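Subject: A structure for you to look at

Hi there,

Here is the structure I promised to pass on.

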Amino acid sequence: EETAQFLSQTIGMLDSAGVKVSQLDQIALASLYPEVNCRDVVLASWAPDDFIFDPHMLIQLYVQKARERGVVFMEDTVATGILVGQGRIRGVATNRGIISTGTVVNAAGPWASVVGEWTGTKIPLVNRSRSIVITKPFPHIPPNRPCIEDMTVEWYTRPETGCMLMGMGNSIANDLLPPFDNSILEPMINAAIHRIPVLENAGFLT
C-alpha cells in the first residue's frame, strides 16, 4: 500500500508536468504484459512514450557532433584537480600537464562530487549500485514487451537482444566500480519467478 501511494503521487506529478502516463489496474496490466503475475498488484503505471536507449551509442553521437563543431577530445588524460586563483578557475591539472582554461564543465557522472571537492563545492550526489544479469536467449517473452519494474522489491526486467536483462538492488555504492553482489542473486531469482513465472525457465548468460 505504501508503494502504491508513492506511485500514485508520482503519476500525478508526471501528469501535471505533461508526461503521458496512465494508471493501470490488474486487468489493464495483464492485457499489456500477459506474462506478468498480477494477482498481488495494487496499482501500476504505464508511460507509452518511455524508451530504452543505449548509453554507449548516445555518447558516441555526442562525440560525433562535438567533433563536427571543433571539440578536441584528449583520451588517456586523467583530470586530477582544478586550479583556482583569485576566485576564478585558471585551469585543469591532468596526468599530462596543465590545461589553461577559465571554464570547466563538471560532467564526471558518479565522480561529480569528487570533482566538485576540487573547488570546495559540495555536490549532494549519492551513488547507488544495482546488480544486473542477462539471461541466455529467451524466446518465451516477445522482444516488444516493455521494461517492467516491481517497486516493492527494487527489481526490474526488460527484453535485451533476444535475452532478458534484469536488475535488483538500490544500495549506496562506496566503490564506484562495485563488483556483482552475489548475495542478491537468490532474492533476484525469487522476485523474477514471482512477478513473471515463465522466467523460471531462464538460464543466466552473464
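Let me begin with a term: two residues are in contact when they have heavy atoms within 4.5 Å. With neighbours within four places in sequence left aside, Asn 127 is in contact with Pro 110, Ser 171, Ile 172, Ala 173 and Leu 176.

Before going further, please keep in mind that this is a predicted model, in which local features need pLDDT of at least 70 and side-chain atom pairs count only at pLDDT 80 or more, while totals for chains, interfaces and linings use all residues. Residues are numbered from 1 along each chain as its sequence is written, and side-chain values use heavy atoms, with hydrogens and water left out.

Back to Asn 127, then. This residue sits in the loop between helix 4 (112–117) and strand 6 (128–134); helices (H or I, at least four residues) and strands (E, at least two) are DSSP runs, numbered from the N terminus. Is Asn 127 buried or exposed? Asn 127 is buried, because its relative accessible area is 18%; buried means under 20%, exposed over 50%, and partly exposed in between, with a 1.4 Å probe and protein chains only. Pro 110 is 17 residues away from Asn 127 along the chain, and their C-alpha atoms are separated by 6.3 Å.

Now the chain as a whole. There are five helices and nine strands, and from the N terminus on they run α-β-α-β-α-β-β-β-α-β-β-β-β-α. The radius of gyration is 22 Å, whereas a compact globule of 206 residues would have one near 17 Å; the value is taken over C-alpha atoms, and the globule rule is 2.2 Å times the number of residues to the power 0.38. Along the principal axes, the C-alpha atoms fill a box of roughly 65 × 40 × 35 Å. Of the 206 residues, 29% are buried. Among contacts between residues at least 6 apart in sequence, 54% join residues at least 24 apart.

What about the inside? A nonpolar core here is a set of buried Ala, Val, Leu, Ile, Met, Phe, Trp, Tyr and Cys residues joined through side-chain atoms within 4.5 Å. The largest one has 21 residues, and Trp 155, Ile 196 and Leu 199 have the most contacts inside it. Strand 9 (163–172) and helix 5 (185–195) are the elements that give two or more residues to this core. Another core, of five residues, lies apart from it and includes Leu 7, Ile 11, Val 21 and Leu 43.

Which residues does Trp 155 touch, not counting those up to four places away in sequence? Among them are Ile 148, Met 166, Met 168, Met 188, Ala 191, Arg 195, Ile 196 and Leu 199.

Ile 193 lies in helix 5 and counts as partly exposed because its relative accessibility is 29%. Asn 174, in the loop between strand 9 and helix 5, is exposed, with a relative accessible area of 76%. From Asn 174 to Tyr 156 the distance is 23 Å, C-alpha to C-alpha, and they are 18 residues apart in sequence.

Finally, a note on the backbone. Most residues other than glycine have a negative phi. Asp 76 has a positive phi, near 55°; this residue lies in the loop between helix 3 (55–68) and strand 3 (79–85) and counts as exposed, because its relative accessibility is 70%. Gln 86 also has a positive phi, near 55°. Gln 86 is found in the loop between strand 3 and strand 4 (88–94), and at 78% relative accessibility it counts as exposed.

Enjoy exploring!

Best wishes
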